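Please have a look at it first, and then we will go through one site together.

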Amino acid sequence: SNAIRPLIAGNWKMNGLKSSLGEFEAMLAGAAAVAAKADLLVCPPATLIAAFAEKARGSKALGVGAQDCHPKPSGAHTGDISAEMLGDAGARAIIVGHSERRADHGETDALVRQKAEAVWRAGLTAIVCIGETQKQRDAGQTLEICGSQLSASLPDGATEKNLVVAYEPVWAIGTGLTPTAGDVEQVHRFVRELLIERFKGEGAKIRILYGGSVKPSNAAELMAVANVNGALVGGASLKAADFLAIARGC
Ligand code: PEP
């Protein structure tokens, strides 16, 4: 919706092997046809970033991203990967603060903010995720939770180029459940207001993605909601046909 160019970002999570290269190539082959409508980004596991980026080299239609990074550029952090390394492998953007990282690894808003700063230090775009749990929604705390996560997870200096916000209600991720269009509109309007308050003119242009059980059959309705500037897609981003169909829906 609106004048902001939509972004359809795929989060492959902990899925994908070298044998997935063919699926990525199918996405690349179909990407040009949707390039007029939306930017496309695929975030595979770190092990596949370099191979995917090599295939996508020179493509304006489809970019490659990462799912997490360490806040530091290098050092004694066994098993971790820095934003600089991910950029070097070919990532243009990095998801930070995904609810699975917050839940499985105890990531706080303060850490997510440090990671977003690391993404910028590496010259990449941070896709910062926020969203309430079912319990928080039931308690009527959705806006309060999203607002506090947003303020504490975002560094100062956000622009339309360096930041994408993803609103992902935790209860909608991987469940097949989605909020109503009205509920999505309310949260996205609230996020937009906070972004404008803090980042002024840039805040009006920063993309706000919806994420949580987006699939070809519901994408068009969700993408038509005011202040929804694309989608962060998990499960349905693993298949080229589904991912491209979602992009055609915006
Ligand atoms: C996600 O993990 O970012 C996500 C939105 O997952 P799914 O589309 O599978 O609900």
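This is a predicted model: local features need pLDDT of at least 70, side-chain atom pairs count only at pLDDT 80 or more; totals for chains, interfaces and linings use all residues.

Let me take the two residues in turn. H98 is found in the loop that runs between β4, residues 93–96, and α4, residues 99–104. Is H98 buried or exposed? H98 counts as buried because 27 other C-beta atoms lie within 10 Å, where 20 or more are needed. If we leave aside the neighbours within four places in sequence, H98 is in contact with Q67 and C129.

E168, for its part, sits in the loop between β6, which covers 163–167, and α8, which covers 181–203. E168 is likewise buried, since there are 25 other C-beta atoms within 10 Å. Again leaving aside neighbours within four places in sequence, the contacts of E168 are S99, C129, G131, I173, G211, G212 and L232, and you will recall that C129 is also in contact with H98.

That brings me to the ligand. There are 13 residues around the ligand, and of these N11, I173, G211, G234 and G235 come nearest; I173 and G211 are also among the contacts of E168. Sorted by class, the shell around the ligand is made up of 5 nonpolar, 7 polar and 1 charged residues.

Conventions:
Residues are numbered from 1 along each chain as its sequence is written. Helices (H or I, at least four residues) and strands (E, at least two) are DSSP runs, numbered from the N terminus. A residue is buried if 20 or more other C-beta atoms lie within 10 Å of its own, exposed if 12 or fewer, and partly exposed in between; C-beta atoms are placed from the backbone. Two residues are in contact if their C-beta atoms, placed from the backbone, lie within 7 Å. A residue is near a molecule or strand if its C-beta atom, placed from the backbone, lies within 6 Å of it. Ala, Val, Leu, Ile, Met, Phe, Trp, Tyr, Cys and Pro count as nonpolar, Asp, Glu, Lys and Arg as charged, and the others, Gly among them, as polar.
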